[in-house]
Amino acid sequence: LARACALRPQQAEFSSQFAVTRFVLAEYADLEKELRAQLQTHPLDQSACERLCDVLVARGRTPEAQTVVAQYRQAATPYRDTMGADPERGVRQHLLYLTGDFAALEKETQLARDAEAKYTRFVALIELGRVAEAVKLLPPGDKNSANPFHFLNTVIALRAAGAEAEAASWW
(Lines give C-alpha, C1' and ligand atoms only; values in the text may rest on other atoms or scores of the structure.)
Protein backbone atom coordinates (compact mmCIF):
# COMPACT_ATOMS: atom_id res chain seq x y z
CA LEU A 1 0.00 0.00 0.00
CA ALA A 2 2.82 2.41 0.76
CA ARG A 3 4.26 1.80 -2.73
CA ALA A 4 0.87 2.53 -4.31
CA CYS A 5 0.64 5.81 -2.41
CA ALA A 6 4.15 6.79 -3.45
CA LEU A 7 3.19 6.40 -7.13
CA ARG A 8 0.37 8.97 -6.90
CA PRO A 9 1.15 11.23 -3.94
CA GLN A 10 -0.71 14.32 -5.20
CA GLN A 11 -3.75 12.74 -6.82
CA ALA A 12 -6.70 13.77 -4.64
CA GLU A 13 -9.10 11.02 -5.75
CA PHE A 14 -6.47 8.34 -5.21
CA SER A 15 -5.64 9.72 -1.77
CA SER A 16 -9.31 9.79 -0.83
CA GLN A 17 -9.95 6.21 -1.97
CA PHE A 18 -6.73 5.07 -0.33
CA ALA A 19 -7.91 6.58 2.97
CA VAL A 20 -11.26 4.79 2.61
CA THR A 21 -9.45 1.49 1.98
CA ARG A 22 -7.30 2.01 5.06
CA PHE A 23 -10.41 2.87 7.07
CA VAL A 24 -12.05 -0.39 5.99
CA LEU A 25 -8.87 -2.21 6.98
CA ALA A 26 -9.21 -0.57 10.44
CA GLU A 27 -5.88 1.25 10.26
CA TYR A 28 -7.38 3.79 12.62
CA ALA A 29 -4.31 4.79 14.63
CA ASP A 30 -2.19 5.59 11.58
CA LEU A 31 -5.07 7.31 9.81
CA GLU A 32 -5.83 9.43 12.84
CA LYS A 33 -2.22 10.52 13.10
CA GLU A 34 -2.02 11.39 9.39
CA LEU A 35 -5.37 13.20 9.32
CA ARG A 36 -4.48 15.27 12.37
CA ALA A 37 -1.20 16.21 10.67
CA GLN A 38 -3.11 17.11 7.49
CA LEU A 39 -5.44 19.36 9.49
CA GLN A 40 -2.49 21.03 11.21
CA THR A 41 -1.17 21.99 7.77
CA HIS A 42 -4.56 22.59 6.11
CA PRO A 43 -7.13 23.35 8.84
CA LEU A 44 -9.90 24.00 6.29
CA ASP A 45 -9.60 20.60 4.57
CA GLN A 46 -13.22 19.49 4.92
CA SER A 47 -12.53 16.02 3.57
CA ALA A 48 -9.74 15.39 6.09
CA CYS A 49 -11.96 16.72 8.87
CA GLU A 50 -14.80 14.38 7.90
CA ARG A 51 -12.45 11.39 7.56
CA LEU A 52 -10.98 12.15 11.01
CA CYS A 53 -14.53 12.20 12.41
CA ASP A 54 -15.12 8.82 10.73
CA VAL A 55 -12.05 7.39 12.47
CA LEU A 56 -12.87 8.86 15.87
CA VAL A 57 -16.50 7.69 15.82
CA ALA A 58 -15.40 4.22 14.67
CA ARG A 59 -13.06 4.13 17.68
CA GLY A 60 -15.89 5.15 20.03
CA ARG A 61 -14.52 8.65 20.57
CA THR A 62 -17.48 10.78 19.52
CA PRO A 63 -16.70 13.64 21.96
CA GLU A 64 -13.31 14.03 20.26
CA ALA A 65 -15.03 14.13 16.87
CA GLN A 66 -17.26 16.91 18.20
CA THR A 67 -14.12 18.79 19.23
CA VAL A 68 -12.69 18.36 15.73
CA VAL A 69 -15.88 19.91 14.28
CA ALA A 70 -15.60 22.81 16.74
CA GLN A 71 -11.97 23.34 15.75
CA TYR A 72 -12.97 23.35 12.08
CA ARG A 73 -15.64 25.95 12.84
CA GLN A 74 -13.09 28.10 14.66
CA ALA A 75 -10.62 27.84 11.76
CA ALA A 76 -13.33 28.64 9.19
CA THR A 77 -14.91 31.59 11.02
CA PRO A 78 -12.56 34.23 9.54
CA TYR A 79 -13.45 32.98 6.06
CA ARG A 80 -17.25 33.22 6.30
CA ASP A 81 -17.30 35.76 3.46
CA THR A 82 -15.80 33.25 1.03
CA MET A 83 -17.03 29.97 2.57
CA GLY A 84 -20.59 31.06 3.37
CA ALA A 85 -22.44 31.91 6.55
CA ASP A 86 -22.18 28.39 7.96
CA PRO A 87 -18.86 26.96 6.74
CA GLU A 88 -18.82 23.99 9.12
CA ARG A 89 -22.33 22.84 8.19
CA GLY A 90 -21.04 19.94 6.07
CA VAL A 91 -18.75 18.51 8.74
CA ARG A 92 -21.34 19.08 11.48
CA GLN A 93 -24.02 17.27 9.46
CA HIS A 94 -21.57 14.51 8.57
CA LEU A 95 -21.01 13.92 12.29
CA LEU A 96 -24.76 13.90 12.99
CA TYR A 97 -25.18 11.22 10.33
CA LEU A 98 -22.21 9.21 11.63
CA THR A 99 -23.61 9.17 15.14
CA GLY A 100 -27.12 8.27 13.97
CA ASP A 101 -28.67 11.50 15.19
CA PHE A 102 -31.06 11.66 12.24
CA ALA A 103 -33.67 13.66 14.16
CA ALA A 104 -31.16 16.45 14.76
CA LEU A 105 -29.99 16.20 11.14
CA GLU A 106 -33.56 16.51 9.87
CA LYS A 107 -34.28 19.42 12.21
CA GLU A 108 -31.14 21.26 11.15
CA THR A 109 -32.00 20.99 7.47
CA GLN A 110 -35.71 21.70 7.84
CA LEU A 111 -35.55 25.39 6.91
CA ALA A 112 -32.62 25.31 4.48
CA ARG A 113 -33.56 25.60 0.82
CA ASP A 114 -30.29 24.91 -1.01
CA ALA A 115 -29.95 21.66 -2.96
CA GLU A 116 -27.34 20.14 -0.63
CA ALA A 117 -29.41 20.75 2.51
CA LYS A 118 -32.53 19.48 0.77
CA TYR A 119 -30.76 16.24 -0.15
CA THR A 120 -29.37 15.89 3.38
CA ARG A 121 -32.88 16.29 4.75
CA PHE A 122 -34.11 13.70 2.25
CA VAL A 123 -31.54 11.19 3.55
CA ALA A 124 -32.38 12.01 7.19
CA LEU A 125 -36.09 11.43 6.52
CA ILE A 126 -35.32 8.05 4.95
CA GLU A 127 -33.18 7.08 7.94
CA LEU A 128 -36.06 8.09 10.22
CA GLY A 129 -38.40 5.78 8.27
CA ARG A 130 -40.38 8.70 6.84
CA VAL A 131 -40.01 7.51 3.25
CA ALA A 132 -43.22 9.04 1.87
CA GLU A 133 -42.22 12.44 3.24
CA ALA A 134 -38.73 12.08 1.74
CA VAL A 135 -40.13 11.16 -1.68
CA LYS A 136 -42.47 14.15 -1.52
CA LEU A 137 -39.51 16.40 -0.72
CA LEU A 138 -37.47 15.22 -3.73
CA PRO A 139 -39.75 13.55 -6.30
CA PRO A 140 -38.25 11.92 -9.43
CA GLY A 141 -38.77 14.97 -11.66
CA ASP A 142 -37.27 17.48 -9.23
CA LYS A 143 -34.34 19.39 -10.72
CA ASN A 144 -32.32 18.57 -7.57
CA SER A 145 -32.85 14.82 -7.98
CA ALA A 146 -30.14 14.34 -10.62
CA ASN A 147 -27.86 12.69 -8.04
CA PRO A 148 -27.79 8.95 -8.86
CA PHE A 149 -27.59 8.16 -5.15
CA HIS A 150 -30.90 9.93 -4.73
CA PHE A 151 -32.55 7.37 -7.03
CA LEU A 152 -30.72 4.45 -5.44
CA ASN A 153 -31.55 5.57 -1.88
CA THR A 154 -35.18 6.09 -2.83
CA VAL A 155 -35.59 2.70 -4.49
CA ILE A 156 -33.96 0.91 -1.55
CA ALA A 157 -36.08 2.82 0.99
CA LEU A 158 -39.31 2.22 -0.94
CA ARG A 159 -38.58 -1.50 -1.29
CA ALA A 160 -37.72 -1.74 2.40
CA ALA A 161 -41.06 -0.05 3.15
CA GLY A 162 -42.88 -2.61 0.97
CA ALA A 163 -43.74 -0.13 -1.79
CA GLU A 164 -42.47 -2.30 -4.67
CA ALA A 165 -44.65 -0.68 -7.37
CA GLU A 166 -43.58 2.83 -6.41
CA ALA A 167 -39.93 1.68 -6.25
CA ALA A 168 -40.21 0.27 -9.77
CA SER A 169 -41.51 3.63 -11.03
CA TRP A 170 -38.18 5.22 -10.08
CA TRP A 171 -36.29 3.12 -12.63
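Modeller: Happy to! This is a predicted model, in which local features need pLDDT of at least 70 and side-chain atom pairs count only at pLDDT 80 or more, while totals for chains, interfaces and linings use all residues. Residues are numbered from 1 along each chain as its sequence is written, and side-chain values use heavy atoms, leaving out hydrogens and water.

Tyr 79 has a relative accessible area of 43%, so Tyr 79 is partly exposed. Buried means under 20%, exposed over 50%, and partly exposed in between, with a 1.4 Å probe and protein chains only. You will find Tyr 79 in the loop between helix 5 (62-76) and helix 6 (80-83). Helices here are DSSP runs of H or I with at least four residues, numbered from the N terminus. Together with Leu 44 and Met 83, Tyr 79 forms a nonpolar surface patch of about 240 Å² accessible area. That area comes from the Shrake-Rupley method with a 1.4 Å probe. Such a patch takes residues with over 30% relative accessible area and no salt bridge, and joins nonpolar side chains (Val, Leu, Ile, Met, Phe, Trp, Tyr) within 5 Å.

For the setting, the chain has 12 helices, and 33% of its 171 residues count as buried.

One of the buried residues is Asp 54, in helix 4 (residues 46-58). Asp 54 has no salt bridge, a term for a side-chain nitrogen of Lys or Arg within 4 Å of a carboxyl oxygen of Asp or Glu. A polar contact of 2.6 Å does join the side chains of Asp 54 and His 94; that term means a pair of N or O atoms within 3.5 Å, one able to donate a hydrogen and the other to accept it, with residues adjacent in sequence counting only if both atoms are side-chain atoms.

Glu 88 is buried, at 4% relative accessible area, whereas Asp 86 is partly exposed at 33%. Arg 92 also meets Glu 108 in a salt bridge of 2.9 Å, N to O. This pair links distant parts of the chain, from helix 7 (residues 89-98) to helix 8 (residues 102-109), 16 residues apart.

Definitions and conventions
Helices (H or I, at least four residues) and strands (E, at least two) are DSSP runs, numbered from the N terminus. Patches are made of residues with over 30% relative accessible area and no salt bridge: like charges are joined within 9 Å, nonpolar side chains (Val, Leu, Ile, Met, Phe, Trp, Tyr) within 5 Å. Lys and Arg count as positive and Asp and Glu as negative; His and the chain ends are not counted.
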